[in-house]
Amino acid sequence: MTAIYQQHHGWLLRWLRSKLQCADHAADLAHDTFVRLLTNTPANQPGHQLPLREPRAYLTTVAQRLVIDHYRRLSLEQAWLETLAHVPELTAMSPEERLDILQTLHRIDAMLDGLPAAVRSAFLLSHLEGLSHAEIAARLAVSERTVHRYLVQAIARCILLMA
């Protein structure tokens with residue numbers, strides 16, 4: 001793994017800088033990419049010593065996913081800051097409260113990302129757009145019973161998240 005790091009770190013860092021336009025974020029994501037390489041490749045599993053045949057392809061795939069996560073977090077944070085801008089000063093939150101809510105939003109975002117697409121869509125249509133079960137069923141081309149099952153599954157994950 002040391003050889004892969006030495007051979008490809010500079011290239012990956014340049015690639016990430018071109019995507020992010022920020023040297024600090026690029027360095028962080030390059031680090032995270034190599035951490036994933038160290039913890040998720042078959043070569044690190046007991047009894048496996050298979051070298052990566054295409055290390056740049058693997059690194060690019062992992063890094064691209066991290067870039068997507070990075071931009072999704074930024075988008076979530078920006079939406080939260082825009083919401084806070086509309087809060088009257090008398091009811092404004094402390095920095096600690098803001099951080100707690102932002103961290104909760106990140107956990108919810110990660111939880112939603114882990115749900116099957118149809119379950120996630122049903123949950124978002126219900127809670128963000130306020131659609132009824134019948135409206136969601138029509139949009140997703142499933143039965144209302146299936147929508148109910150999807151929502152129960154999503155809410156169960158929310159409960160586990162908050163526990």
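The confidence score here is pLDDT, the predictor's confidence in each residue, from 0 to 100. Helices (H or I, at least four residues) are DSSP runs, numbered from the N terminus. Among the elements, helix 4 (residues 95-113) has the lowest mean pLDDT, 83, and helix 6 (residues 133-140) has the highest, 94. For the protein, the mean is 83, with 89% of residues at 70 or more.

Some ground rules: this is a predicted model, where local features need pLDDT of at least 70, side-chain atom pairs count only at 80 or more, and totals for chains, interfaces and linings use all residues. Residues are numbered from 1 along each chain as its sequence is written, and side-chain values use heavy atoms, leaving out hydrogens and water.

Now look at helix 1 (residues 2-20) and helix 3 (residues 55-85). Their axes (lines fitted to C-alpha atoms over the stretch in contact) come within 11 Å and cross at roughly 35 degrees, on a scale from 0 to 180 degrees between N-to-C directions. Contact means heavy atoms within 4.5 Å, and among the residues making it are Trp11 and Leu12 of helix 1 and Leu59 and Ala63 of helix 3.

Leu12 and Leu59 turn up again in the largest nonpolar core, which has 17 residues. Such a core is a set of buried (under 20% relative accessible area, 1.4 Å probe, protein chains only) Ala, Val, Leu, Ile, Met, Phe, Trp, Tyr and Cys residues joined through side-chain atoms within 4.5 Å. Leu12, Leu16, Leu29, Phe34 and Leu59 touch the most other members. Helix 1 gives the most, 7 residues.

Key: Helices (H or I, at least four residues) and strands (E, at least two) are DSSP runs, numbered from the N terminus. Buried means under 20% relative accessible area, exposed over 50%, partly exposed in between (1.4 Å probe, protein chains only).
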